[in-house]
Amino acid sequence: MRAVVQRVASSSVTVDEQEISNIEKGLLVLLGVTHEDTSKDVDYLIEKIVNLRIFEDEDEKMNLSLKDINGELIVVSQFTLYGDCRKGRRPNFTGAAKPDLANNLYEEFIEKAKKQNINVGTGKFGAHMMVELINDGPVTILIDSEKNF
């Protein structure tokens, strides 16, 4: 499972010209799922993301987590995180999980995030979405449950 985590001042998701979700200060998580992912991968990423110390403290040092600042989270499913561009010019997406597995783990990720007492916004699985964000910093972190990076 892969996540692109962006510290945001705000973020929103629009589907069919209707805003379906928005947050203020917090994190935008673009979440990709592969075939071998399980609940263990979800648990690893949730724990890592909500406790990731990338928010500034009173000394302007990145020492605070999403939980520390009572920040919000917006989670968007993105199968293209498993796009393989090593060969040719068109990405190969065979590394991405089939929709049933991907959606189940995406929904599990959202539910487990909510159990952390975090306000969670979402995208719409499988939909064409317009994602807006104001990246604060900018701060962007890549996390992989297989620890590939």
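Me: What makes strand 1 and strand 3 a pair, and in which sense do they run, parallel or antiparallel?

Reply: The model is a predicted one. Two strands pair if at least two bridges are found between them. Strand 1 and strand 3 are joined over 7 bridges, in the antiparallel sense, so they count as a pair. One of the links sets R7 against L27 of strand 3.

Me: Which sense applies to the pairing of strand 3 with strand 6?

Reply: Strand 3 and strand 6 pair in the parallel sense, over 6 bridges. Within this pairing, L31 has S77 of strand 6 as its bridge partner, and G26 stands opposite E72 in strand 6. Strand 6 is also joined to strand 7, residues 120-122, by 3 parallel bridges. There, the bridge partner of I74 is G121 in strand 7.

Me: Why is strand 6 described as largely enclosed?

Reply: Strand 6 is largely enclosed by the rest of the structure because 6 of its 6 residues are buried. E72, I74 and V76 point one way, while L73, V75 and S77 point the other way, and all are buried. In a regular strand the side chains alternate between the two faces of the sheet.

Me: How many residues of strand 3 are buried?

Reply: Strand 3 is mostly covered, with 7 of its 7 residues buried.

Me: Why is G71 called buried?

Reply: The term buried requires a relative accessible area under 20%. G71 has a value of 8%, and therefore qualifies as buried. G71 lies in the loop between strand 5 (62-64) and strand 6. Leaving out residues up to four places away in sequence, G71 touches K25, G26, L66 and I118.

Me: How far apart are G71 and L30?

Reply: G71 and L30 are separated by 41 residues in sequence and by 17 Å in space, C-alpha to C-alpha.

Me: Which residues are in contact with F109, its neighbours within four places in sequence left aside?

Reply: F109 is in contact with V29, L31, V42, L45, I46, I49 and V75.

Me: What lines the largest pocket, and which residues lie nearest its centre?

Reply: The lining of the largest pocket has 20 residues, of which S77, Q78, F79, F125 and G126 lie nearest the centre. The pocket has a volume of about 360 Å³. Strand 3, strand 6 and helix 2 each supply at least two lining residues, and helix 2 gives the most, with 3 residues.

Me: How many residues of this lining are nonpolar, polar and charged?

Reply: The lining of the largest pocket divides into 13 nonpolar, 6 polar and 1 charged.

Key. Residues numbered from 1 in each chain as written. Predicted model: local features only at pLDDT ≥ 70, side-chain atom pairs only at ≥ 80, totals over all residues. Heavy atoms only, no water. Contact = heavy atoms within 4.5 Å. Buried < 20%, exposed > 50% of the residue type's maximum accessible area, 1.4 Å probe, protein only. Helix = DSSP H or I, 4+ residues; strand = E, 2+ residues; numbered from the N terminus. 1 Å grid on protein atoms, 1.4 Å probe; cavity = no way out; pocket = protein on both sides within 12 Å on 5 of 7 lines; lining within 4 Å. Points joined across faces, edges and corners; volume = space filled by probe spheres on them. Nonpolar A, V, L, I, M, F, W, Y, C, P; charged D, E, K, R; others polar.
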